Amino acid sequence: STDQWELDPEELTFGRELGSGQFGLVLEGRWRDSKVAVKTIREECMSDEDFKEEARIMMRLSHCKLVQLYAVHTQRSPMCLVFEFMDNGCLSDYLRARKGHFSQDTMLSMCMDVSEGMAYLENCNFIHRDLVNQKISYCHDAFMDLQSVGIFPRFPFLLQAARNCLVSKNNEVKVSDFGMTRFVLDDQYTSSQCSKFPVRWSAPEVIKFSKFSSKSDIWSFGVLMWEVYNEGRLPYENHSNVEVVESLSKGLRLLKPRLAPEAIHRLMEWCWKEKPEDRPSFALLLRELPSL
Ligand code: ADP
């Protein structure tokens, strides 16, 4: 039953607005004794049942490198999700705001945090599908109308397109919106139709065949590492999404960030192997990263 997850409205108070997400407003709040972020869900964004199912999955996942979902409110409109509060906001803003002040250790540990969270999800047979740290600021640019080039990528739910990693008070990076994944038994599936697509973070097989897997998350993770070592730059910043698709198909890849050691760049390139099976798993990456 979902009842055990249902919060008591008496225990939740709302504070200032943090931003507006894909599905509605995100507010600061207090739940019991914790500072929380409350995501409200506009009714038209999701059917009740989809929402409850996602919430059920998300609540069961718990890891120190995932943004924890504490409770849900589904009995009254608007429905909302109550999350652990992340004081330092999204990773891309955080990177840009502190540009020039990151040590090698810090950049490495940011990558390790995310790969720990992802290794946990990989182990649970979840795929994140939108593992990127970029946010609202270049969100619009990240999407394109692929129909114009004859590609019809597909998502089962629009929320799959929301992507984030958030940063805690003590500068830990955590994976967020992982519940906007689907539980997949075979770790691979095709999704339904949609014309919007986060091209810059997507593996070629995702762009071409909507074929998601933990290996396509690994590709996205490679792009995330690139963003960390470029302190929040937009990947392929001077290129349109169409150009990105074309250059990937020619085998071209993002270049080594100036701040990235050779060994880190080799890991990125490993994540961007054309064939999914040639890419590492998160478990394997997690073993490689600390020794760099
Ligand atoms: P969506 O993924 O649904 O589009 P976002 O996750 O982008 O929504 O949230 C919108 C805004 O709220 C962002 O600016 C983000 O920084 C902030 N936010 C989201 N979740 C949290 C959280 N757990 N703690 C603090 N701020 C958050």
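**Strand pairing in a predicted model**

Reader: What is the bridge partner of Leu69 in strand 5?
Author: The bridge partner of Leu69 in strand 5 is Phe83. Strands here are DSSP runs of E, at least two residues long, and helices are runs of H or I, at least four residues long, both numbered from the N terminus. This is a predicted model, in which local features need pLDDT of at least 70 and side-chain atom pairs count only at pLDDT 80 or more, while totals for chains, interfaces and linings use all residues. Residues are numbered from 1 along each chain as its sequence is written.

Reader: Over how many bridges do strand 4 and strand 5 pair?
Author: Strand 4 and strand 5 pair over four bridges, in the antiparallel sense. Two strands count as paired if DSSP finds at least two bridges between them.

Reader: And what joins strand 4 to strand 5?
Author: A hairpin does so, and five residues lead from strand 4 to strand 5.

Reader: What is the order of the strands in the open sheet?
Author: The open sheet has five strands in the order 1-2-3-5-4, and the pairing is antiparallel.

Reader: Which strands stand at the edges, then?
Author: Strand 1 (12–20) and strand 4 (69–73) do. Each of these two has a single partner strand, so one side of each has no neighbour in the sheet.

Reader: How many bridges hold the pairing of strand 3 and strand 5?
Author: Strand 3 and strand 5 have six bridges in their antiparallel pairing. As one detail, Thr40 stands opposite Cys80 of strand 5.

Reader: Is strand 5 mostly covered or uncovered?
Author: Strand 5 (residues 79–84) is mostly covered, with five of its six residues buried. A residue is buried if 20 or more other C-beta atoms lie within 10 Å of its own, exposed if 12 or fewer do, and partly exposed in between, with C-beta atoms placed from the backbone.

Reader: What about strand 2 and strand 3, in which sense do they pair?
Author: Strand 2 (residues 25–31) and strand 3 (residues 34–41) pair in the antiparallel sense, over six bridges. Val26 has Lys39 of strand 3 as its bridge partner.

Reader: Changing topic to the loops: where does Arg32 lie?
Author: Arg32 belongs to the loop that runs between strand 2 and strand 3. Its phi is near 50 degrees, which is a positive value in a residue other than glycine.

Reader: Why does Arg32 count as exposed?
Author: Arg32 counts as exposed because it has 12 C-beta neighbours inside 10 Å.

Reader: Next, Asn171. What is its phi near?
Author: The phi of Asn171 is near 65 degrees, again a positive value in a residue other than glycine. Asn171 sits in the loop between strand 6 (165–167) and strand 7 (173–175).

Reader: How many C-beta neighbours does Asn171 have inside 10 Å?
Author: Asn171 has 14 C-beta neighbours inside 10 Å, and therefore it counts as partly exposed.
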